[in-house]
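Let's take a walk through this protein together. Have a look at the sequence and the 3D view, then read on.

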Amino acid sequence: MKHFLRVVTQFFVFLYCKLLWRGLKFVIRKFTGRCELQRICYNNKHGARRTLKIESSLRFSKSGLLQSALSVHPDKVEKTIDEIMALKKINPDTNPQLGISLQASLLQIVGYRSLVMEVEKLRREPYDCENQEHEDMLMKLWKELRPDTPLSGRISKQWCEIGFQGSDPKTDFRGMGLLGLHNLLYFAEHDKATALQMLNDSLQPKHKSTHRKPSEMSKAEWEQKSLEKAIGYSFAIVGINITDLAHSLLVSGALKTHLYNVAPELPSLLHLQQTFCYLMQEFHRFWIEEDPSDIMEFNRVRSKFHRRILRQLKNPDMVLCPHFSASDLHLVNL
């Protein structure tokens, strides 16, 4: 009975708020002479703050045309804007900037949706050792990260040197498919200096903390300390894990804040790959700051890092400012 009353109460509260909000919008439109979309465009600068509000307005509109605008093909965005302007009885000649603003935001919205589908396709495509294109990408990754070391063979323990778990990297790509390989190769190619530095850092042994200097230890103590297991992380495996984190942010919609602020119109795979590079660098710094006792703490550190990024993305003006050379290609902060 209590559950039934709670459901009924929630229903009436929802109904009341919905009617109140629509009534309020009607009054505001009569008072200002502008519809909700006009008010959003004129009162918010280009970027996530504006686009997120437009997206919400279209999604919860009672008009089928406005709701369907969220899923139109990018090539039909201009026509859709004309139809919205006609529906709202807005004269494009006296409101030229409105059409431009709506078009830019709608391109961001449908572009984000297309990006999710493109990324999902890559994630679901498994690594195929019979596919020469896949093999070429993998070999190129080795050459970028180990330019002075020839690979003894396709199946080799040398793959562990760049952070794979075994002698055949294809098994490590099962979770993220080709998306993980694409991201790692992009990082190695477009921000090579940083990628090599991170790889080198990940291979350095991190000894248990001590207040004694090497000069204060006996030779036997120092040799024993040098044999201790490195407490770092595996570069390639972390790259696949950060790919999973970036994918999670994208699919959940959390990354809209960043992408709507950096992509003038259509967010692309390039923007996501640049974001991946940024996340790799930030995780590396975060890992050092956290100073975990061993690799078994990886999931804890990753979860904490994930929560920090999510908090940052709750700010509609947030841009995950990349500090890497790849950001100079097409990343635009509007």
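## Helices α13 and α14

In this predicted model, start with helix α13, residues 269–290, and helix α14, residues 298–313. Two packed helices are described by the angle between their axes and the distance between the axes. Here the angle is about 125 degrees, and the axes are 10 Å apart. Angles from 65 to 115 degrees would count as roughly perpendicular and those over 145 as roughly antiparallel, so α13 and α14 are oblique to each other. The crossing of α13 past α14 is right-handed.

Which residues meet here? On the α13 side they are Y278, L279, E282, F283, F286, W287, E289 and E290. On the α14 side you'll find F298, R300, V301, R302, K304, F305, R308, I309 and Q312. Sorted by class, this contact has nine nonpolar, one polar and seven charged residues.

Between α13 and α14 runs a loop, and D291 is in it. D291 isn't a glycine, yet it has a positive phi of about 50 degrees. With 46% relative accessibility, D291 counts as partly exposed, because that class covers values between 20% and 50%.

## Helix α11 meets α14

Helix α14 has another partner to look at: helix α11, residues 235–252. Their axes come within 11 Å and cross at roughly 35 degrees. Once again, the crossing is right-handed.

From α11, the residues in this contact are V238, N241, D244, L245, S248 and L249. They meet F298, R302, F305, H306, I309, L310 and L313 of α14. By class, the contact of α11 with α14 has eight nonpolar, three polar and two charged residues. If you compare the lists, F298, R302, F305 and I309 of α14 turn up in the contact with α13 and in the contact with α11.

Is L66 buried or exposed? Its relative accessibility is 2%, so L66 counts as buried, the cut-off being under 20%. You can find L66 in helix α4, residues 64–68. Leaving out residues up to four places away in sequence, L66 touches L37, L58, S61, I84, L87 and K88.

Q158 is in a loop, the one between α7 (132–145) and α8 (177–190). Its relative accessibility is 13%, so Q158 is also classed as buried. The side chain of Q158 reaches the backbone oxygen of P150 at 3.2 Å. Apart from neighbours within four places in sequence, Q158 is in contact with W142, T149, P150, L151 and S152.

## An exposed loop residue

Next up is K89, in the loop between α5 (77–87) and α6 (96–124). K89 has a positive phi of about 55 degrees, although it is not a glycine. At a relative accessible area of 77%, K89 is exposed, because anything over 50% falls in that class.

## Zooming out

The chain has 334 residues, and 45% of them are buried. Now take the contacts between residues at least 6 apart in sequence: 67% of these join residues at least 24 apart.

Technical notes. Residues numbered from 1 in each chain as written. Predicted model: local features only at pLDDT ≥ 70, side-chain atom pairs only at ≥ 80, totals over all residues. Heavy atoms only, no water. Axes fitted to C-alpha atoms, helices over the stretch in contact; angles between N-to-C directions. Helix = DSSP H or I, 4+ residues; strand = E, 2+ residues; numbered from the N terminus. Parallel < 35°, antiparallel > 145°, perpendicular 65-115°, else oblique. Left-handed = near helix turned anticlockwise from the far one by under 90°. Contact = heavy atoms within 4.5 Å. Nonpolar A, V, L, I, M, F, W, Y, C, P; charged D, E, K, R; others polar. Buried < 20%, exposed > 50% of the residue type's maximum accessible area, 1.4 Å probe, protein only. Polar contact = N/O pair within 3.5 Å; in protein donor to acceptor, adjacent residues only side chain to side chain.
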